[in-house]
Amino acid sequence: MRIELQKRANTSVLFSILSPLLALALTLIAGAIMFGLLGKSPLNSLYIYFVEPLLDVWSLHELAIKAAPLILIAVGLSVCFRSNNWNIGAEGQFTIGAITGSILPVLNPEWHSPLILPLMLIMGMIGGALYAGIPALLKTRFNTNEILTSLMLVYIAQLFLDWLVRGPWRDPQGYNFPQTKSFQPEAVLPEILDSGRAHLGIVFALIAAVALWFMMRFMLKGFQVSVLGQSERAGRFAGFSARRMVWFSMLLSGALAGLAGISEVSGSIGHVQPVISPGYGFTAIIVAFLGRLNPLGIIASGFVLALTYLGGEAAQLSLGISDKVSRVFQGLILFFVLSCDTLIHYRIRLIVNPSAAQEGKS
């Protein structure tokens with residue numbers, strides 16, 4: 001006896017649209033059960049986790065801060081995934097973007113110029129793009145699996161960051177703490193409102209999402225992404241280059257991840273330290289799929305996943321539970337999104353006698 005998935009002849013358009021909402025509802029139900037098993041009131045816990053962080057102005061600013069890198073990274077990954085190029089190393093590109101973008105304020109802290117911030121952003125994008133170019137080169141040159149190479153490069157980037165801030169970049173007047181000097185005011189992303197800490201990173205994220213939506217919807221390059229992602233052979237007949245698409249999608253996603261990295265360091269932290277991300281590069285994968293690989297949908301899903309970070313912090317303080325609960329919620333969301341999409345396109349078939357079924361097919 002075995003279980004197999006059989007593709008449905010007709011897919012429900014309504015359920016395809018409602019799939020993310022259904023996944024969120026199932027996540028809330030599973031979360032309520034989890035809180036109950038932890039000995040907490042399910043309704044009160046869900047209120048603290050998902051509603052309470054939205055009631056204060058400062059919390060909304062923190063929501064925007066956490067949503068900005070998720071949206072920036074996810075919209076770049078959506079182009080990769082839709083073109084059938086699986087960049088799993090955005091966390092490393094995020095880190096390298098933060099490092100390369102911080103070269104100017106760290107090595108030249110006395111330079112006070114309005115040019116420093118634009119140069120930092122450009123250098124961060126270049127650093128992220130070049131780091132994403134490594135798995136692109138390996139794939140196009142040696143047919144190496146980009147999932148493995150991009151993922152392994154994450155740990156190299158993180159170890160390189162740790163070495164920098166504990167060694168050459170460590171602030172000599174920082175009481176031996178592993179961090180750089182604080183950035184000069186000209187090197188800090190300005191806040192967008194006086195009521196909180198939200199900075200221009202969220203503006204970059206929204207602009208990138210709208211721009212990539214326009215590209216995917218109305219431009220030839222977006223059509224190439226869709227065609228090559230669905231059928232590389234059909235794309236070759238249309239004159240599209242799969243090799244060039246690997247480079248385009250990887251460099252684009254790496255540049256946006258690098259922009260997210262330098263925006264996080266410059267806007268939220270103000271210096272470079274060993275840990276600059278709670279896992280934005282990996283969480284952005286969930287954001288991309290929850291948004292159905294649509295840049296406009298990614299905006300909404302980015303705020304939803306950012307809320308899981310804030311809710312995890314609120315639950316840790318109010319309920320006294322582990323901060324790992326936010327990772328559980330993120331994992332549940334991804335599980336239910338993929339499960340709902342699978343069941344919408346496939347039906348579960350139970351085969352009692354596999355040999356007889358195989359003979360029937362033949």
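Student: Is Arg166 buried, partly exposed or exposed, and what is its relative accessible area?

Tutor: This is a predicted model, in which local features need pLDDT of at least 70, side-chain atom pairs count only at pLDDT 80 or more, and totals for chains, interfaces and linings use all residues. Residues are numbered from 1 along each chain as its sequence is written, and side-chain values use heavy atoms, with hydrogens and water left out.

Arg166 is partly exposed, with a relative accessible area of 44%; buried means under 20%, exposed over 50%, and partly exposed in between (1.4 Å probe, protein chains only). Arg166 is joined to Asp162 by a salt bridge whose closest N and O atoms are 2.9 Å apart. The term denotes a side-chain nitrogen of Lys or Arg within 4 Å of a carboxyl oxygen of Asp or Glu. Asp162 is likewise partly exposed, at 25%. Helices are DSSP runs (H or I, at least four residues), numbered from the N terminus.

Elsewhere, a salt bridge also connects Glu62 and Arg197, at 2.9 Å from N to O. Glu62 belongs to helix 3 (residues 57–82) and Arg197 to the loop between helix 7 (146–166) and helix 8 (201–218), so this pair ties together parts that are 135 residues apart in sequence. Glu62 is buried, with a relative accessible area of 15%, whereas Arg197 is partly exposed at 36%.

In the whole structure, the search finds eight salt bridges.

Technical notes
Helix = DSSP H or I, 4+ residues; strand = E, 2+ residues; numbered from the N terminus.
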